Amino acid sequence: MKSQFSKFLIQILSIFIFCCSTILNSQSNGNNDFWKDVQFGGGISLGFGNQSFNLGVSPSGIYQVNSDFATGLSLNFNYSKFGDDKLLAYGPSFINFYNPLPYLQLSGEFEQWRINIDQNFNSISIEDNYWYSALFFGIGYTQQNFTIGIRYDVLFDETRSLYADPWIPFVRFYF
């Protein structure tokens, strides 16, 4: 457990240093108005079913390094209840977008989730708490601040993943 946490901290620190160096590099090239190149957005999901409920929230901010490349951070939160079973997941996400063409967006996203599961089987409560990493590569069609596409989790583990499938469609808005 301790080595997993150390590995997680090294990953977070490496990505943070990369993001900071990219931002500092763009500022040293004469771009002194940092906030004019920052966009905010995110996602929200809400689901209801027969004895089930799901709520997901993920606000994010990106820094537009140049007309083709953006990098940023997101905070993710997900709560699900299926009968007596509950899932709570939260964590940061590091995002990078590259637009080789004005209408085409390639993305790389690293998500680090803390997952807490509480399941009940025949009046026996079972808890499972663990860290899970997801690394997505995606492609999407973009029009101004709106992008729709699909992404693939290259680290997908069907027994531990928060997601049911490694292929996940997405919609993004940034303002």
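**View 1. The lining of the largest pocket in this predicted model**. The space inside is about 720 Å³, a volume filled by probe spheres set on the points, which are joined across faces, edges and corners. Residues are numbered from 1 along each chain as its sequence is written. In this predicted model, local features need pLDDT of at least 70 and side-chain atom pairs count only at pLDDT 80 or more, while totals for chains, interfaces and linings use all residues; side-chain values use heavy atoms, leaving out hydrogens and water.

**View 2. Glu-109 and its partner Arg-151**. Look for Glu-109 in strand S5; strands are DSSP runs (E, at least two residues), numbered from the N terminus. Is Glu-109 buried or exposed? Glu-109 is buried, at 7% relative accessible area (buried is under 20%, exposed over 50%, partly exposed in between, with a 1.4 Å probe and protein chains only). Its side chain meets that of Arg-151 in a polar contact of 2.8 Å, meaning a pair of N or O atoms within 3.5 Å, where one must be able to donate a hydrogen and the other to accept it, and residues adjacent in sequence count only if both atoms are side-chain atoms.

**View 3. Two hairpins, S5 to S6 and S6 to S7**. S5 and S6 (residues 124-143) pair antiparallel over 18 bridges; strands pair if DSSP finds at least two bridges between them. Ile-115 has Tyr-130 as its bridge partner in S6, and Asn-122, in the turn, has a positive phi of about 50°. Eight bridges join S6 to the antiparallel strand S7 (residues 146-153). In that turn, Gln-144 has a positive phi of about 55°.

**View 4. Tyr-132 in strand S6**. Tyr-132 is buried, with a relative accessible area of 7%. Leaving aside neighbours within four places in sequence, its contacts (heavy atoms within 4.5 Å) include Glu-111, Trp-113, Asp-157 and Leu-162. Tyr-132 and Asp-157 are 25 residues apart in sequence, yet 9.2 Å apart in space, C-alpha to C-alpha.

Key: 1 Å grid on protein atoms, 1.4 Å probe; cavity = no way out; pocket = protein on both sides within 12 Å on 5 of 7 lines; lining within 4 Å. Helix = DSSP H or I, 4+ residues; strand = E, 2+ residues; numbered from the N terminus.
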